[in-house]
Amino acid sequence: MKKSQKKEDIINTAEKLFYQHGFHAIGVKKILEQAEVATMTMYYHFKSKEDLIKEILIQREKHYFQLLEANIDKENGINQYVDSLIKAHLDWIDTDGYNGCLFLRAKQEYEGVNEEIALLSREHKKRLLNKIKNDLKIFHGSESLSVQISIIIEGLTSMVQIIELDKVKDTAIYLAKSIQVSE
């Protein structure tokens, strides 16, 4: 079934605005003005702003994991896997994540306010950790290594907000090499 273009316009506009300004700072009216859609159109597709946020997070996660799967190398050993995972995440930051983690922002803004949104955010981080852990099973990598790699990835996302991307890339690659195991 083909997705509604107006629905996609709402999602894309809202994601951009939320990412730039935060969730609470942006109201539905601003989203609708920017997306150039009517209020009725918004509420035809989403019951509330919170439902829109949940849809954005679900789609963003799907897009992120698709990018990882398309770019990580599981065929040429653990070191190549780690390098490719970090590079894929850096590519994500370079194109879709330069302003920090939208999931962490959602968790921070909605913890104790809307547990569905906070839970989506926490579960995203758990799914990423589990993905890395499961990928590492191919190489008999330890759970500890999956946590270390996850910490590097999360650190990249944070540090790129205050340090030049190239410096963050160089440091991440150095850190990855320092934790990798011999094959």
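This is a predicted model: local features need pLDDT of at least 70, side-chain atom pairs count only at pLDDT 80 or more; totals for chains, interfaces and linings use all residues.
**A helical chain and its charged side chains**

Let me begin with two residues, Asp 135 and Lys 131, both of which are buried. Salt bridges that share partners bring these two together with Glu 69 and Lys 74 in one network.

First, the overall picture. The protein chain contains 9 helices and 0 strands, and the C-alpha trace spans about 60 × 35 × 30 Å along its principal axes. The chain has 183 residues, and 44% of them count as buried. If we take the contacts between residues at least 6 apart in sequence, 68% of these join residues that are at least 24 apart. The accessible surface of the chain comes to about 10200 Å², and carbon and sulfur atoms account for 52% of that surface.

Now to charge. The chain carries 26 positive and 28 negative side chains, with the centres of the two sets lying 4 Å apart. As a general point, side chains of opposite charge can pair when their charged atoms come close. How many salt bridges does the structure hold? There are 14 salt bridges in this structure, and I will go through a few of them.

Why does Asp 135 count as buried, while Lys 74 counts as partly exposed? Asp 135 is called buried because its relative accessible area is 6%, which is under the 20% cut-off, whereas Lys 74, at 24%, is partly exposed.

Another salt bridge joins the side chains of Lys 107 and Glu 111, at 2.9 Å from N to O. Lys 107 is found in helix H6, which covers residues 102-110. Both partners count as partly exposed, with a relative accessibility of 28% for Lys 107 and 34% for Glu 111. Beyond its neighbours within four places in sequence, Lys 107 is in contact with Ala 118, Ser 121 and Arg 122.

Finally, let us turn to the surface. Which residues gather in a patch of negative charge there? They are Asp 91, Asp 94, Glu 164, Asp 166 and Asp 170, and the elements that give two or more residues to this patch are helix H5 and helix H9. Glu 164, for its part, lies in the loop between helix H8 and H9, and it counts as exposed because its relative accessibility is 64%, which is over the 50% cut-off.

There is also a nonpolar surface patch of about 230 Å², made by Leu 129, Val 147 and Ile 151. Of these residues, Val 147 lies in helix H8, and with a relative accessible area of 34% Val 147 is partly exposed.

Methods
Residues are numbered from 1 along each chain as its sequence is written. Side-chain values use heavy atoms; hydrogens and water are left out. Helices (H or I, at least four residues) and strands (E, at least two) are DSSP runs, numbered from the N terminus. Buried means under 20% relative accessible area, exposed over 50%, partly exposed in between (1.4 Å probe, protein chains only). Contact means heavy atoms within 4.5 Å. Accessible areas come from the Shrake-Rupley method with a 1.4 Å probe; for residues, only the protein chains shown count as cover. Lys and Arg count as positive and Asp and Glu as negative; His and the chain ends are not counted. The place of a charge is taken as NZ of Lys, CZ of Arg, CG of Asp or CD of Glu. Patches are made of residues with over 30% relative accessible area and no salt bridge: like charges are joined within 9 Å, nonpolar side chains (Val, Leu, Ile, Met, Phe, Trp, Tyr) within 5 Å. A salt bridge is a side-chain nitrogen of Lys or Arg within 4 Å of a carboxyl oxygen of Asp or Glu.
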